[in-house]
Amino acid sequence: MSEEKYLQSIINDSNSFKCLKLKCSISDNIMHFSDIKSFGSISTDVSASSAELITEKEKQAQILFPTSMANKSIEDLQLTEIRQFKVPCNDGITGHTLCPNGDMVFVDFRDGKRLLIVDSTGSLKREISFPNTMPYDVTSIDNGTLAVTTWADTDIHVVDINSGTITAHISGGFCGGITRRGNTLICCVLSNEIKTVDLRDNAVSAFIPMVPINRQTYVTASSDKIYVTHPNNNTVTCYKMNGDQEWQYLDSSMVKLPLGITVDKHNNVMATSTNIVCGICEAQHITKCADHWCPECDEGLCNHCEKHHSISKGTQKHGVIPTEDYKKLPPDILSIGHHCQEHEKKFQNYCPHHEKLCCPSCISTEHRKCVGFLDLDEIIKTSKTSVLIQYLEKSYKDIATNINNIIIDRKGNLAKIREQRHGFHTEIKQVRVKINTHLDKLEQQIISDLLSEERKIETQIETLLNQLSEKIATVHDLQNNIVAIKNHASDLQTFLARKRLEECAMSEEKYLQSIMNDSNSLKCVKLKCSISDNIMNILDIKSFGSISTDVNPSTVVLTLRKEKQAQILHQTIIANKSIENLQVTKIRQFKVPCKSGITGFTFCPNGDMVFVDYNDGRRLLIMDSMGNFRREISLPSIQPYDVTSIDENTVAVTTWLKNGIHVVDINSGTIKACISGNFCGGITRRGNTLICCVLSNEITTVDLRDNAVSALIPEVPIYRETYVTTSSDKIFVTHYTNNTVTCYKMNGDKEWLYHNQSMVNKPLGIYVDKYNNVYVSSFGNHSVVLISPDGKKVRKILGKEDGIVSPYCVHYNQNQNNLLVTCFHGNAFLIQHFIDS
């Protein structure tokens, strides 16, 4: 049920069980880059990274690089027992740790659900209760704090020893063993790996993958190694810190079902092994491994002792099994013994009041005021073949299927997320490529414009410079001519040359003046580059886009047992009460408006009553809890005979001739389903299971989840007017023509048969109360009789003098503690029922 609660919590969680989709929206600013028509220079502001590197501190490194010590030979090891003491556990010890102050902390597993703090002398100091979880292993963090793993909820709980409170929960799928090195917890994980937890921030990190793990795996660490036990494989394995396997020990003659493990300062590994020794040999101070286990004697047997055990009159019928099969049982089952530890006597009875096994001494002491003890041999005979085991097998199969469906669904969702992430990553890259391509194009364009403008200005200036070079050469020639004339020409020559030289000078000056007058020739030209505003606004874009999650309902379908269905699996055994103490009082009498006769009846969960109007009636009559008629459901195509409620809206109806079971919606009046089979007569329900009579002389079941029909009890005398009911692990059947009421075990064995026509004549309807007393309508005697749970005592509780004529149906309402008796012609009697203690 705890596993189903976990699955139900997943379904109820609004986030855990949704189908997630990634959504990627590219920023409009990013998408509008293609609208930018020009580019400029882009500078990058480079600043120091704000990222901080987290380095291993010196203490944390101790787990990886502790000081190595010289190994010592295990042959030299000497062991001396200092002290032996008893830890007062309720169930069994599965974990233990030493505190720095010398105190010891033990885990009392399963029913214990607590930590036991014991001082260094072995005396109990106090306990810490865990009512809401099941602790499994423990390790000390400091004098005041512990880390505890659990069996079911896969969390690590950090516990304050002094206050007994849980100060932190660390999630991570943890199980089994746990140990500590410095500020680091080393833990087993159900996903087959070893993980670490940093106690400074509770950060969980993967450590060693691919390590075979089960819920009873323990772990320890020393030097640069990790050591792991695996009870199912009978192995002890040593791993390096990088995950490589250093060695593995496998020898079941030495190590069987290894559990706890630790390492001493010399790196010697010590592991607990649950070798079973022969109890008979041990009593003779001989240590010999057992090859067999006797659950009756609660001890192991070697091959030699098993031979004597099997032929001894007192033990030859004991169900001896091989020790290998015995060790396959889980620890909580192994802890269940056949003998009382307090009185050292064999359990013989079961106390329904306290729900405990009792030996003869228990009955005369702490259970001396209890009544209604059940014989243990009788109630356990059908334990393996009972409906309970079958339903548990089906239930766990459904749970495993549900978990696998969830795993497949979540893995599928994860695969889709990865696929979506890859698609969006590609889309982002493509957008980036388009932006880069566009920006490259704009960059090339503006650089081309820059070069073109430079060449244009360069051509203009170089043309002017070429002209000025020619002019300066001419001017130099004229200057040389003046010098030569001054030095060597005659006065006449000088006079005539002066005029020509003046004209040349005026011509050059006129050229220079033309340059000065030109608005462009002598201007200082500067290149200008104006960066586009759109380009400059790139730096204002704060994101490339946005990533979000779209949540849709999951498509996975789970098969969960409803709470009411669980009733068939977890019925409380209630002590039987003497039928002599039964008191009945008539509360109400009313008339059912039938046309033909009432042959079937059921209570609905809301208190309404549904009656079958047989033969010419061919209908269901719905009446409220006060006996007022509400409505009818006509069934002209079938001839209904008996009815049982499935839920507030649905009933199952058997028929007289067509032999099918019809599932009817009582709100709409429609037949929702027809279950084929050779069904007849009476029908009842337990949880999601219908229990029905079949004309081929057997009792069958119908699983309402898939309408699967299964044989339950063969070779049962069946008549069309046979009725059936069930309680605890029994089936009760009436037979109209044989005048019998029969009780069957679930394996088909007949428990008892009552046949006394003076008390039971033409029995029809049958029902069982919470004390396992059986109510039967005796049609031929016009009475209702009560049969004791063992079928030995019978008492008439209602008769013709009470108005009972031709009683057909009886139905006991567990919630109201009322009995309703319906006669064939429609007279109904509601009876108050109670038993004096």
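A nonpolar core is a set of buried Ala, Val, Leu, Ile, Met, Phe, Trp, Tyr and Cys residues joined through side-chain atoms within 4.5 Å, where buried means under 20% relative accessible area with a 1.4 Å probe and protein chains only. The structure is a predicted model, in which local features need pLDDT of at least 70 and side-chain atom pairs count only at pLDDT 80 or more, while totals for chains, interfaces and linings use all residues. Residues are numbered from 1 along each chain as its sequence is written, and side-chain values use heavy atoms, with hydrogens and water left out.

The largest nonpolar core holds 33 residues, and F590, V592, F611, W752, V774 and L820 touch the most other members. Leaving aside residues up to four places away in sequence, L820 is in contact (heavy atoms within 4.5 Å) with residues including F590, F601, F603, M609 and F611. Another core, of 16 residues, lies apart from the largest one; I579, V821, C823 and F829 are among its members.

Next come the strands, which are DSSP runs of E with at least two residues, numbered from the N terminus. Two strands pair if DSSP finds at least two bridges between them. An open antiparallel sheet is built from four strands in the order β36-β37-β38-β39. Because β36 (679-686) and β39 (708-714) each have a single partner strand, one side of each is left without a neighbour in the sheet. From one strand to the next, the twist averages 25°, an angle between N-to-C directions of lines fitted to C-alpha atoms, on a scale from 0 to 180 degrees. Within this sheet, six bridges join β37 (residues 689-694) to β38 (residues 698-703), and C693 stands opposite I699.

Strand β46 (residues 783-787) has five of its five residues buried, so it is largely enclosed by the rest of the structure. In a regular strand the side chains alternate between the two faces of the sheet. In β46, S783, V785 and I787 are buried on one side, and V784 and L786 on the other.

Strand β45 (residues 774-778) runs antiparallel to β46 over five bridges, with S777 opposite V784. Four residues lie between these strands in their hairpin, where H782 takes a positive phi near 50°. Strand β47 (residues 794-798) also pairs with β46 in the antiparallel sense, over four bridges, and R795 is the bridge partner of L786. The hairpin of β46 and β47 has six residues between the strands, and G791 in the turn has a positive phi of about 75°.

Terms used. Buried < 20%, exposed > 50% of the residue type's maximum accessible area, 1.4 Å probe, protein only.
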